[in-house]
Number of protein chains: 2
Amino acid sequence: MDKKCIGVDVGGTSVKIGLFEEDGRLLKKWEVRTRKEEDGKHILPDVAASIRQVLEEEGISFDQIKGAGMGVPGPVLPDGSVEICVNLGWHNVNPQKELSAMLENIPVRSGNDANVAALGEMWQGGGKGYRDIVMITLGTGVGGGVILDQKIVSGAHGLAGEIGHFHMRDEEKEHCNCGGTGCLEQVASATGIAREARRKMASCETPSVLREYGDKVTAKNVLDAAKAGDALADEVVEVVCRYLGQALAQASMMVDPEIFVIGGGVSKAGQYLIDRIYGYYDHFTPISKNKAKIGLATLGNDAGIYGAARLILE
Amino acid sequence: MDKKCIGVDVGGTSVKIGLFEEDGRLLKKWEVRTRKEEDGKHILPDVAASIRQVLEEEGISFDQIKGAGMGVPGPVLPDGSVEICVNLGWHNVNPQKELSAMLENIPVRSGNDANVAALGEMWQGGGKGYRDIVMITLGTGVGGGVILDQKIVSGAHGLAGEIGHFHMRDEEKEHCNCGGTGCLEQVASATGIAREARRKMASCETPSVLREYGDKVTAKNVLDAAKAGDALADEVVEVVCRYLGQALAQASMMVDPEIFVIGGGVSKAGQYLIDRIYGYYDHFTPISKNKAKIGLATLGNDAGIYGAARLILE
C-alpha cells in the first residue's frame with residue numbers, strides 16, 4: 001500500500017503542515033504558530049507535537065508514514081544542517097535530524113524554502129508534468145528555484161536560483177538587501193514595482209490613477225491600472241517586464257528548463273503579466289524559437305508544503 | 001581489468017580522436033581530416049576506419065573497449081540524433097547509432113562539443129576534483145558548458161550553457177551571430193575583444209602600442225599590451241572583464257557551481273585575466289563570500305576528446 005508523507009513549511013510567522021498521499025493528493029493541512037523565542041528552540045517540538053496529534057486524530061500510525069520534508073527560510077547545507085537562520089533564530093542545528101528523532105525516527109529531509117516551493121510547483125502545480133523547471137517568485141523579494149530532472153539544484157554553496165540578485169540595472173543607486181545595486185529584485189518584486197511607480201510619479205507630470213494612492217501605491221495598484229490602460233502604470237510594467245524577460249532569457253541560456261513558473265503575489269496579475277514578459281523574453285533569446293515556456297504557479301502559499309512532502313519521495 | 005575508451009571530437013576541419021584508459025590517462029591521440037563533401041557522409045566511416053586501424057596497430061580488440069563518446073559541433077537531441085549540423089553537412093542522422101554499427105556495436109554516446117569539452121575539463125582538466133563546474137570558452141565565439149553532479153546539463157532544448165548569448169550591453173547596435181544585439185560574445189570573444197579595441201582606437205586619441213596593428217589588432221595584442229601597462233588596452237580589458245564578471249555572477253546565482261573554468265584562446269592571458277574577472281565577479285555577487293572559484297582550463301584543444309571519452313563512463 002502506498003504510504004503517506006508529510007510536508008512542513010517553516011515560516012517566520014507560522015509553520016504550515018500538510019499530510020499527503022504519495023500521488024500528491026493533499027489530505028489535510030493545518031498551521032502552528034512559529035515560536036521564535038529562545039533561539040527558536042520550541043519550533044520543532046511544536047511541529048512534532050502537532051503532527052503526532054493530527055496522526056492520532058486521523059488514526060494513522062507512524063509505519064504508514066514514508067517520511068517528512070521540511071522547507072527552511074534560509075540556507076540548508078547538503079547534510080541538512082543550518083548554520084544560521086536569521087528568521088527563526090536557529091544557529092548550528094540540524095533540523096531534519098532533530099525532527100526525525102521527535103517523530104519515531106521517520107526519514108526527514110530539508111531544503112531551502114524557495115527551492116522547496118519550486119519542487120512543489122513541479123510536482124502538483126504550474127510545472128506538473130515537467131522534469132525541468134525554474135520557478136520565480138515575485139513577492140516582497142524575488143526568489144527562485146531550479147529543478148532539473150525532478151530534483152532541486154541547490155548549488156555548491158546554496159546560491160542556485162538566486163535570480164532575484166542578478167545585476168540588471170547599472171543606473172540604480174539604491175542598495176538591495178544583498179548589498180548590491182541594480183538587482184532584479186529591486187525592480188520586479190512587489191516592493192520594487194511600488195517603488196518604481198513612486199519614482200515615475202515623482203519624475204513626470206503624466207496624469208495617472210496611481211496618483212490618488214500617492215506613496216501608498218502597491219504593485220497590485222500598478223498592475224490593475226496598467227491593465228485598465230493607464231499610461232504611467234504601463235510604463236512601470238514595461239520596465240518590470242523588460243528586466244524579467246531579460247533575466248528569464250539568461251536563465252534559459254544557462255539551464256534551459258522546459259518551463260518557467262511565475263509565482264508570488266505579483267503573479268496574481270495572471271496571463272496579462274506572462275504575455276508582457278514573453279515579449280522581452282523572446283526579444284532576448286533570438287538564438288532559438290525552441291525554448292522554455294512561461295506559465296503561472298498554481299499552488300499559492302501551499303507550494304511549500306507540497307514541495308516539502310515531495311522531498312521525501314526523491 | 002579496466003577497459004579502454006575512445007573519445008572523438010568532430011570538428012569542421014579535422015576530427016580529433018583519443019584512446020584513453022578509464023582512469024583518464026591518454027594513451028594515444030590522432031586526427032583525421034573532416035570530409036564534408038556529400039552532406040558529410042564520409043565523416044563517420046573515415047572515423048571508424050581510422051579507429052579500427054589504430055586498435056589493430058596497438059593490438060587492442062573490441063572487447064577491451066568500453067565504448068566511444070563523440071562531440072558534435074551543433075545541437076544533439078537526447079537520443080543522440082542530430083537534426084541539422086551546418087558545420088558538417090549532416091541532416092537527420094543519428095551519428096552515435098551509425099558509429100556504433102561501424103564499430104562492432106560498441107556503445108557510442110554523443111553530445112554537443114562545447115558541453116563535451118566542459119565534461120573533459122571536469123574529468124582531467126581545470127575542473128578535476130569537482131563535480132559541479134561551468135566552463136566558459138573564450139574563442140572565436142563564447143561557448144559554455146554546464147556540468148552538475150559530474151553530468152552534462154544540455155537543457156530541454158539544447159540551450160544550456162549558451163552564456164555567450166546573455167544580453168549584457170544595451171547600447172550595442174551591431175548584431176551578433178545569434179540575431180541579438182549586446183551579447184557577451186560580442187565583447188568577450190577573441191573577435192569581440194579585437195573589435196572593442198578597434199572601436200576604442202577610433203573613438204579617442206589616447207596613444208597606444210595597439211595603434212601600430214591598426215585594423216589587424218588581435219585579442220592577444222590587446223591582452224599583452226594591457227599587461228604591459230598600455231592605458232587604451234587596459235580600458236578594453238576592463239570592459240571585457242566587467243561583462244565576463246557580471247555574466248559569471250549571474251551563472252553563479254543560477255546554478256552555483258564549485259568552479260568556473262575559463263578556456264579558449266583568450267584564456268592564454270592566464271591568471272592576469274582571471275584576477276581581473278574576479279574583481280567584477282565579486283562586485284556583482286555581494287550576496288555571499290562563499291561561492292564558485294574561477295580557474296583556467298588546462299586541456300586546450302584536447303578537452304573535446306577527453307570529454308567525449310568521459311561520456312561513455314557516465
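**From the copies to one helix pair**

Chain B is superposed on chain A by a rotation of 180° with 0.0 Å of shift along its axis, at an RMSD of 0.0 Å (least squares on the C-alpha atoms of residues with pLDDT of at least 70 in both copies). The two copies are thus related as by a two-fold rotation axis. Of the interface residues of chain B, 100% are also interface residues in chain A, so the copies meet through the same surface; contact means heavy atoms within 4.5 Å.

This is a predicted model, in which local features need pLDDT of at least 70 and side-chain atom pairs count only at pLDDT 80 or more, while totals for chains, interfaces and linings use all residues. Residues are numbered from 1 along each chain as its sequence is written, chains are lettered from A and ligands numbered from 1 in the order in which they are written, and side-chain values use heavy atoms, without hydrogens and water.

Chain A has 10 helices and 12 strands (DSSP runs numbered from the N terminus: H or I of at least four residues for helices, E of at least two for strands). The C-alpha trace of chain A spans about 65 × 45 × 35 Å along its principal axes.

Within chain A, the axes of helix H8 (residues 231-255) and helix H9 (residues 271-283) come within 7 Å and cross at roughly 60°. Axes are lines fitted to C-alpha atoms, for helices over the stretch in contact, with angles from 0 to 180 degrees between N-to-C directions. H8(A) and H9(A) are therefore oblique to each other (under 35 degrees is roughly parallel, over 145 roughly antiparallel, 65 to 115 roughly perpendicular, and the rest oblique).
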